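Let's take a friendly look at the charged side chains of this protein and how they pair up. Have the sequence and the model at hand.

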Amino acid sequence: MIFRVTSKRSRLGFSSVLKTCLSNLAARGPDAKFTPLPKFSEVGKTVIPKIEEAGLGHYVHVTGQYYDHDASLTRNVVMKINEAVSSDEFHPELILDAALTDSEMKILTNLLVDSRNCRYISTGEIDSVGSEDWHHGYVMSPCFSIFNRNGVILKQHHKARELVQLYSRPGFPIQQKVWLKDVENVYVNLSPRPWTTQTLGVRTLSEQVTVLKFDKKLDVVSSEDDVDTVEPSHEELGEIMIKTEWVVKAAAQLVFVASKNRYKNNSIPLYVPRVVQADLNPWVAMRNSLWQNSMADKLQNVQDNYIP
């Protein structure tokens, strides 16, 4: 089955088209078990009281993949975190975990911005799919950081912005320092079939540094017989795209941060496995095309609303 974007800039946007197509996957079909998250209309009124109770501090607003059959919804998680994010006291305090429409996301953003208790608001993404538990996330402000439920495991130094700090375990002393200006490339690796282990890393002229390594099981895997010669099925390629989307996005953000700190802002390459490349994986090709169309639509909206 081949899906095509029929217009130069699809007005449906990335989320609705992609989610509609993904509902055709065996693992995301009509009979698949899916635990829906609460709607904003059900829990939105609790946001302000919870922020008032949590008090002044640093709040994180992150989104996650939510491949429900309602294509208009996106998972939104709001947490308050400890200011000392590199300590073992990081444990986030949950404020909201719900499925929101785009208009509801704007309402939520305004609620956070208007609250006197939100001293800092960091935005980013978590690695959940649907309503499953999240394990990792990243934010881009006030500095790029990758974290898990216990603490920060990678952080761009807030003073020497060309420096990345890596923690062996959240809350423990710095394991390694990498000058961003020395980063030659960023890479994502997958273990051989069934592609369970994902690795995010950077290479400099002198070393290769593993930033993050974790397991994420695929829901759809073909027969184990002769796995070295069997081409990935259409369903497997779809699952690979879904399950690797967060780590690829995190790697792309790291490329952006590192490129800004190279001399003359020279960009650096991002290497990903073949099964995550658009020429082999039609789901990745479709996603990339829809991302580009979505960005073009946003740019066009800005231009349309511009008054000289």
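Is Arg193 buried or exposed? Arg193 is buried, with a relative accessible area of 15%; buried means under 20% relative accessible area, exposed over 50%, and partly exposed in between (1.4 Å probe, protein chains only).

## About the model

This is a predicted model, in which local features need pLDDT of at least 70 and side-chain atom pairs count only at pLDDT 80 or more, while totals for chains, interfaces and linings use all residues. Residues are numbered from 1 along each chain as its sequence is written, and side-chain values use heavy atoms, leaving out hydrogens and water.

## Salt bridges across the chain

Side chains of opposite charge can pair when their charged atoms come close. The structure holds nine salt bridges (a side-chain nitrogen of Lys or Arg within 4 Å of a carboxyl oxygen of Asp or Glu).

Arg193 has Glu236 as a salt-bridge partner, with 2.7 Å between the closest N and O atoms. The two lie 43 residues apart, Glu236 in helix α5 and Arg193 in the loop between β10 (183-190) and β11 (197-204); helices (H or I, at least four residues) and strands (E, at least two) are DSSP runs, numbered from the N terminus. Glu236 is buried, at 0% relative accessibility.

## Other pairs and a network

Glu132 and Lys216 also form a salt bridge, at 3.7 Å from N to O. Here Glu132 is partly exposed at 32%, whereas Lys216 is buried at 9%.

Asp279 pairs with Arg274 at 3.0 Å; Asp279 is exposed at 62% and Arg274 partly exposed at 45%. Finally, a network of salt bridges links Glu125, Glu245, Lys249 and Arg287.
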